Amino acid sequence: FDDDVDATIRRLDRETVDRIAAGEVITRPARVVGELLDNALDAGATSIEVGVDGDGTDRIRVADDGCGMGRADARLAVERHATSKLAPDGDPVGVETLGFRGEALAAIAEAGTLELCTADGDTIGTRVTVAADGEVSTADAGRGRGTTVTVTDLFASRPARLASLSAPRVEFAHISRLVADYALANPHVAFRLVHDGSRTLSTSGTGRTDALFGVYDRETASQSTTFDATVDIDPVTVDLSGVLVYPSISRSTRDHIRLAVNGRPVRAPDLAAAVRAGYGRLLPDGRQPIAVVSVDIPPDRIDPNVHPAKREVGLRDGDRIAEAVERAVADALTGADLRRKAETAT
Ligand code: ADP
Ligand code: MG
């Protein structure tokens, strides 16, 4: 039978399905930066530099000093559904439940032109280039251990996507915000952001207070306290940690409450509300704190079904975690000598 020819509904071929899926995830230049930062962190980088030209569609480059890849892995890395991040049972490991699985580099390569230059420190380095037509080529590259991914001409073949982007200033602001979120969530990694050749952000990788200094300024860093708490949320243990800026400095929006789960910046309105609640009456109505709160939690407590592009996260026992966050923030601020700090601020 060949009834299909009369039907109106058509099956999409595999390539089209892939393109649509990739298009959903790589929606704007900041998404590329986020995926490349996830990979650099997964590779154990201690230093990461992000370079951006214009709004990011011209060029995004992320260079790390992580474990790098040998030749065979470098070639596989750009293939869809190729991942090194599998648990012994063959399931994708927890940290990647916040991202998507073995698809990021392939999706980015479909949305733009991708070059990966990598070395594992033992063998000669490899440069893998995926051209606009999907053609993959490989060459030797001399370099130290680590990986540099360069993406150029993002969305050049997708005029609709390109047209949907905001003004370059706004697209770069998304990138800048994201790099700051990552830097604050990973205070032991040094981050640098270079835009059109000028350094716009830099952290030293020497702890939370220094990260605050790098993202904000000396004054903000000096008016802050770090905290750590371990709480039992039966049946698991959750680690809460972060840095809280004293209420002598505040903002009018919640944008400066930064949250991370297992080292990845996330949007979690309930947790942000819990942080604000922890400040209680220390802040006047309508004022919001500058605060970074990290939640470290066994990966199976994270709901993997939340769409990765939204950077939202669902946590099992979210209410109890929010309560614990509120208490940890309130305790940390009670322990701090706020009055003296407020005085030295003026
Ligand atoms: P995923 O991160 O979900 O595995 P990706 O497409 O982002 O999928 O990456 C594919 C694979 O390429 C990773 O599993 C990893 O082995 C390798 N890889 C990607 N980026 C890096 C990097 N910066 N350093 C080392 N290995 C990397
Ligand atoms: Mg990845």
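1. Overall make-up. The protein, which is a predicted model, has eleven helices and 15 strands. Of its 346 residues, 39% are buried.

2. The length of helix α10. Helix α10 runs over residues 318-335, and at 1.5 Å a residue its 18 residues should span 26 Å, which agrees with the 26 Å that separate its end C-alpha atoms.

3. The packing of α9 on α10. Helix α9, made of residues 269-279, packs with α10 at an angle of about 30°, and the two axes are 7 Å apart. Because angles under 35 degrees count as roughly parallel, α9 is described as roughly parallel to α10. The crossing of these two helices is right-handed. On the α9 side the contact is made by D270, L271, A274, V275, A277, G278 and Y279, while on the α10 side it is made by G318, A322, V325, E326, V329, A330 and L333.

4. The packing of α2 on α6. Helix α2 (residues 29-42) and helix α6 (residues 168-185) have axes that come within 8 Å and cross at roughly 20°. That angle makes α2 roughly parallel to α6, and α2 passes α6 in a right-handed crossing. The residues of α2 that make the contact are P29, A30, V33, G34 and L37, and those of α6 are E171, H174, I175, L178, V179 and Y182.

5. The enclosed helix α4. Helix α4 covers residues 104-111, and eight of its eight residues are buried, so α4 is largely enclosed by the rest of the structure. The buried residues in question are A104, L105, A106, A107, I108, A109, E110 and A111.

6. The loop residue D65. D65 has its place in the loop between β2 (59-64) and α3 (71-77). Although D65 is in a loop, this residue counts as buried, because it has 20 C-beta neighbours inside 10 Å. Leaving aside neighbours within four places in sequence, D65 is in contact with A45, T46, S47, R145 and G146. The C-alpha atoms of D65 and D42, which are 23 residues apart along the chain, are separated by 11 Å.

7. The loop residue G280. G280 lies in the loop between α9 and β13 (291-296). With 13 C-beta neighbours inside 10 Å, G280 counts as partly exposed, whereas D65 counts as buried. The C-alpha atoms of G280 and V236, 44 residues apart along the chain, are separated by 28 Å.

Conventions. Residues are numbered from 1 along each chain as its sequence is written. Chains are lettered from A and ligands numbered from 1 in the order in which they are written. This is a predicted model: local features need pLDDT of at least 70, side-chain atom pairs count only at pLDDT 80 or more; totals for chains, interfaces and linings use all residues. Helices (H or I, at least four residues) and strands (E, at least two) are DSSP runs, numbered from the N terminus. The expected span of a helix is 1.5 Å times one less than its number of residues. A residue is buried if 20 or more other C-beta atoms lie within 10 Å of its own, exposed if 12 or fewer, and partly exposed in between; C-beta atoms are placed from the backbone. Axes are lines fitted to C-alpha atoms, for helices over the stretch in contact, and angles run from 0 to 180 degrees between N-to-C directions. Angles under 35 degrees count as roughly parallel, over 145 as roughly antiparallel, 65 to 115 as roughly perpendicular and the rest as oblique. A crossing is left-handed if the near helix is turned anticlockwise from the far one by less than a right angle, and right-handed if clockwise. Two residues are in contact if their C-beta atoms, placed from the backbone, lie within 7 Å.
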